[in-house]
Amino acid sequence: MELNGVTIDDTYAEAFPTWVARPIITAVTEEWAYKAAVEAVGFATSTIGCPAEAGIDCFVSADETPDGRPGYAIMICASKKKLKEQLVERLAECILTAPTTAVFDGLADVVAEVPEKLPVKLHFFGDGFEEKREVGGRTVWAIPIMEGEYIGEEEFGTVKGVAGGNFFIMGENQMAALTAAQAAVDAISGVCGVITSFPGGVVASGSKVGSKKYKFMGASTNEAYCPTLRDRVEGSKVPEGVKAVYEIVIDGVDEDSIKTAMAEGIRAATKVPGVKFISAGNFGGSLGPFKFDLKDVLADYL
């Protein structure tokens, strides 16, 4: 298979279930909303070593937010047990503390049904001076703080989503592959209900489950996709002429959002000169129940 002259591997991406919350952070300007959102999704690239996977979903214009101010939707993805803790800690430490911010639940904007909600009782920070209010038809708490008031909803929807949708971009050199990865992330940013949680949305050090040499390691380098090891390891998956590989990992609220994001990202990547091959990562079904076959994901473009 080829798309824009780039070979598409006959394989699939394997993904697994996760629980997702989607707060919308607003502020007096887009810049301040963005700064708060960036803080709130920190240290959340992979559940291999982070307490959650999180990222910025999309910009939300002032005419789409409950308080009529610009904002950013973020997504926090974790096990059901950890999600409430992560939601509370990230809102309390990164949003409540940020200038001019307010927080509202944004999950209903991207899913047809919100099955349940998590309570986030930040109003106790008000030490008895907090008040219930209504903003844009939402029940919120107003907490007195040094700059004035923090406004926030305290129930956030959660849904069982999908984590680990992915594809590999393989280039004839590092800059070609990186430029393509950036183009892919930019394209994916236009799809609501998904995040790419790694730095800049791009993974430079893809991993495999476990380790061949060090039994204490839960994950280790995926040598099959390391160009420098192409002639040293059996079963290398790096095609001849490829000098760099980047992985794009996607979490989403459902399978359709992952599929759309993968299609948009791959299509953008294949338009960059120097891209030689597109593949995807899987572990033969041992990682999770979701399979995204590249030929099915790209059916409308091939």
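Modeller: Start with exposure. Buried means under 20% relative accessible area, exposed means over 50%, and partly exposed lies in between (1.4 Å probe, protein chains only). This is a predicted model, in which local features need pLDDT of at least 70, side-chain atom pairs count only at pLDDT 80 or more, and totals for chains, interfaces and linings use all residues. Residues are numbered from 1 along each chain as its sequence is written, and side-chain values use heavy atoms, with hydrogens and water left out.

Biologist: How many salt bridges does a search of the whole structure find?

Modeller: The general idea comes first. Side chains of opposite charge can pair when their charged atoms come close. A salt bridge here is a side-chain nitrogen of Lys or Arg within 4 Å of a carboxyl oxygen of Asp or Glu. The search finds twelve. One of them joins R69 and D67, at 2.9 Å from N to O.

Biologist: Is R69 buried, exposed or partly exposed?

Modeller: R69 has 21% relative accessibility, so it counts as partly exposed. D67 is partly exposed too, because its value is 23%.

Biologist: Which side chain does K208 meet in a salt bridge?

Modeller: That of E223, at 2.8 Å from N to O. The pair links distant parts of the chain, 15 residues apart. K208 sits in strand β14 (residues 207–209), and E223 in the loop between β15 (219–221) and β16 (244–252). Strands are DSSP runs of E, at least two residues long; helices are runs of H or I, at least four; both are numbered from the N terminus.

Biologist: Is E223 buried or exposed?

Modeller: Buried, because its relative accessibility is 14%. K208 is buried as well, with a relative accessible area of 14%.

Biologist: What about K212?

Modeller: K212 also meets E223 in a salt bridge, at 2.7 Å from N to O. K212 lies in the loop between β14 and β15, eleven residues from E223. K212 is exposed, with a relative accessible area of 64%.

Biologist: Which residues are linked in a network of salt bridges?

Modeller: E131, R133 and E149.

Biologist: How is a cavity read?

Modeller: On a 1 Å grid over the protein atoms alone, a cavity is a set of points where a 1.4 Å probe fits but cannot get out; lining residues have an atom within 4 Å of a point. Grid points join across faces, edges and corners, and volume is the space filled by probe spheres set on the points. The search finds one cavity of 30 Å³ or more. Its lining includes L91, W141 and F156. β10 (138–145) and β11 (148–152) each supply at least two lining residues.

Definitions and conventions. On a 1 Å grid over the protein atoms alone, a cavity is a set of points where a 1.4 Å probe fits but cannot get out, and a pocket is an open set with protein on both sides within 12 Å along at least five of seven lines; lining residues have an atom within 4 Å of a point.
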